[in-house]
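Dear colleague,

Please find below the structure that I am handing over to you. My findings follow it.

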Amino acid sequence: MSSIFGFLKNILQFLKIVLVFCMLMLLLYWTKNLANLDWGWMGFISPVLDCFIGIGSMISNGSLKLFEAVFEYKYMWALVIMIALYYIVHFLYIATEAMEEAFHEGHKLIKRIEERKFNDSLQKEQTDEQTAIKKYRIFVSTSVKKKFAHLECNVNHEEQNKLMNKFLMEKLSIAPTQYENGYLYSFSDFNSIDNVLDVFFKLLNSSAPLDYIICVQICTGNLIEEKEQLKSLIDLKFENKISMMSDTAFRYKFNKSHKYGTSQLGMFQKGNDTVEAHEFIVI
């Protein structure tokens, strides 16, 4: 369409130039006839000029004698017709420009609508994909706080772990499995994770003489990737935080309610890959 509009504007511009040329030739032709001059070189344009003059004679065939010369009205009317045609072509040129601008604005509007529809479709697809992820796991491991690590404090680490698991099982109604020198709790409804986080934040705020490493990992169905993600998170050893990788933080954004916020813990190098760790925070 841009090419078509460009072609039309070029044609109209060319017609305007031709009409201006014809007006100049008409004035010379009129001068030649008034002075009875013999300008043979005007033969190429004479048929066109005679056509306009013939139309002018239909409007008025009168004349005016001035300074021993006869001024025929038909020449004047031929010039008026040419000027009128020039302005008609000029108006068509302006109208073509307006239509081109309207076309481009309409095209932009349609493109924006299509992009919005595509983005909405993409957003829905992404939402459906994320909300379909419901299963997740929470890993917990403990260590005795440094200030209680002395023998005289008589802190039984194994007994403290039993008390921790008893508390978690009573609150969550889920039994853990042994995993990587810690305990792994499995859940099936990520949309209600806030209720589970309430329990783990109570654990962090308890008076127990323990430091906790708590890691949350969603289950996407790729067992190898999930295991690597969780292992990397455990190895980072974020104590007394509820940590997660970026995929879990991203999934949390699609929950309908958010009792907790998320904050980036940092970017970390793992071999040739860079991993992004986050944590749940109280808001």
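Two residues are said to be in contact when they have heavy atoms within 4.5 Å. Among contacts in the protein between residues at least 6 apart in sequence, 67% join residues at least 24 apart.

The model is a predicted one, in which local features need pLDDT of at least 70 and side-chain atom pairs count only at pLDDT 80 or more, while totals for chains, interfaces and linings use all residues. Residues are numbered from 1 along each chain as its sequence is written, and side-chain values use heavy atoms, with hydrogens and water left out.

Overall dimensions

The protein has a radius of gyration of 44 Å, whereas a compact globule of 283 residues would have one near 19 Å; the radius is taken over C-alpha atoms, and the globule rule is 2.2 Å times the number of residues to the power 0.38. Along the principal axes, the C-alpha atoms fill a box of roughly 135 × 35 × 35 Å. The accessible surface comes to about 17,800 Å², and 59% of it belongs to carbon and sulfur atoms; such areas come from the Shrake-Rupley method with a 1.4 Å probe, and for residues only the protein chains shown count as cover.

Helices and sheet

There are seven helices and nine strands, which are DSSP runs numbered from the N terminus (helices: H or I, at least four residues; strands: E, at least two). Seven strands make up an open, mixed sheet in the order S4-S5-S3-S6-S7-S9-S8. At its edges are strand S4 (177-179) and strand S8 (260-270), each of which pairs on one side only; pairing requires that DSSP finds at least two bridges between two strands. From one strand to the next, the twist averages 30 degrees. S8 and strand S9 (residues 273-282) run antiparallel and are joined by ten bridges; Gln269 has Thr274 in S9 as its bridge partner.

Helix H4 (residues 157-172) lies across strands S3 (136-144), S5 (182-187) and S6 (210-218), at about 5 degrees to S5. Axes are lines fitted to C-alpha atoms, for helices over the stretch in contact, and angles run from 0 to 180 degrees between N-to-C directions.

Surroundings of Leu49

Leu49, in helix H2 (residues 46-59), is buried, with a relative accessible area of 0%. Beyond its neighbours within four places in sequence, Leu49 is in contact with Cys22, Met25, Leu26, Tyr29, Met42 and Met82. Leu49 and Met25 are 24 residues apart in sequence, and their C-alpha atoms are 7.9 Å apart in space.

Yours sincerely

Note on methods: Buried means under 20% relative accessible area, exposed over 50%, partly exposed in between (1.4 Å probe, protein chains only).
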